[in-house]
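Subject: Structure handover

Hello,

My notes come after it.

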Amino acid sequence: MYKNGQSSLNPSTIGIPIAGAAGLGLTLWGAVSPASQLFGPTLRRLPADGTAKRIALTFDDGPNPAITPKLLALLERYRAMATFFVVGKFVRTCPEIIREIDARGHLLANHTDTHPHLAWHSGERNKVELERCEESVTEALASGSGHAKPMKWMRPPFGFRGPQLYGAMRKVGIDGVAMWSKLCYDWKPQPGENIIRRLAKVGASDILLMHDGDFRALGADREHVLRGLEHWLPRWRDEGREFVTIEADNAK
């Protein structure tokens, strides 16, 4: 490294690995950060409406027969609308829950068919994942009395996305990627008090990420999610909060 007291490193070659590491870091941030617009536009917050009262409740990884029906009843009690990002493989198992979500006026959105890391897969795999979830929801609603409307929003599993996702979305007819501004780390069973504490930080125009299911299997324990919402929904309602879907006022 040193010769005759002088460094043998060429400054011009030092920059190559540093630049490569910086580029990799930017790419990883762009792939996973909820705030990133590197690969395409995302929705992270509701547009301000002047009242500072709206919250968008969103739920991932369902439908889950152990929790989703209870959650729907709780939301009904407090006249709360929500957005459900559903997984196709569970939709095919529980089509009746999809019909109930739709019948109660909530928004259905695409969370892929098998919940893979989309950033690690080709555009074609991205398309198939979105397409199969869309088809499963369409079939579930068509088999009831409802009329299936194409899902216009998706949320990438784990938040991972790459530039190939947006081309796949266009082919399937999906308009937007919805991320989040608040999350409550609810994907593992835990005391409900943990969720109550974290939900205290939810504020105006937040899009709140929660889970009514677990992408690995049906029947996941999400009682802590119910406990958190049982505590906060009446309090938020008393504060004059409004619970809306991510499509409120053509959110962008």
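First, the ground rules. This is a predicted model, where local features need pLDDT of at least 70, side-chain atom pairs count only at pLDDT 80 or more, and totals for chains, interfaces and linings use all residues. Residues are numbered from 1 along each chain as its sequence is written, and side-chain values use heavy atoms, with hydrogens and water left out.

Helix H5

H5 spans residues 123-142, 20 residues in total. Helices here are DSSP runs of H or I with at least four residues, strands are runs of E with at least two, and both are numbered from the N terminus. From first C-alpha to last, H5 reaches 28 Å, close to the 28 Å expected at 1.5 Å a residue. That expected span is 1.5 Å times one less than the number of residues.

Much of the interest is in its buried residues. Among them are Asn 126, Leu 130, Cys 133, Val 137 and Leu 141. Buried means under 20% relative accessible area, exposed over 50%, and partly exposed in between (1.4 Å probe, protein chains only). The cover over the buried residues of H5 includes helices H3 (88-93), H4 (95-103) and H6 (164-172). Strands S4 (83-86), S5 (107-110) and S6 (153-154) also contribute.

Ser 136

Ser 136 is in H5. Its relative accessible area is 5%, so Ser 136 is buried. Leaving aside residues up to four places away in sequence, Ser 136 touches Gly 88, Val 91, Arg 92 and Asp 113. Contact means heavy atoms within 4.5 Å. With Arg 92 there is also a side-chain to side-chain polar contact, at 2.7 Å. A polar contact is a pair of N or O atoms within 3.5 Å; within protein, one must be able to donate a hydrogen and the other to accept it, and residues adjacent in sequence count only if both atoms are side-chain atoms.

Salt bridges

A salt bridge is a side-chain nitrogen of Lys or Arg within 4 Å of a carboxyl oxygen of Asp or Glu. The count is 14.

- Arg 104 and Glu 100: 2.6 Å. Arg 104 is partly exposed at 26%, as is Glu 100 at 32%.
- Asp 214 and Arg 216: 2.7 Å. Asp 214 is buried at 11%, whereas Arg 216 is exposed at 60%.
- Glu 239 and Arg 241: 3.6 Å. Glu 239 is partly exposed at 38%, while Arg 241 is buried at 13%.

Elsewhere, salt bridges with shared partners join Arg 45, Lys 182 and Asp 206 into one network.

Best wishes
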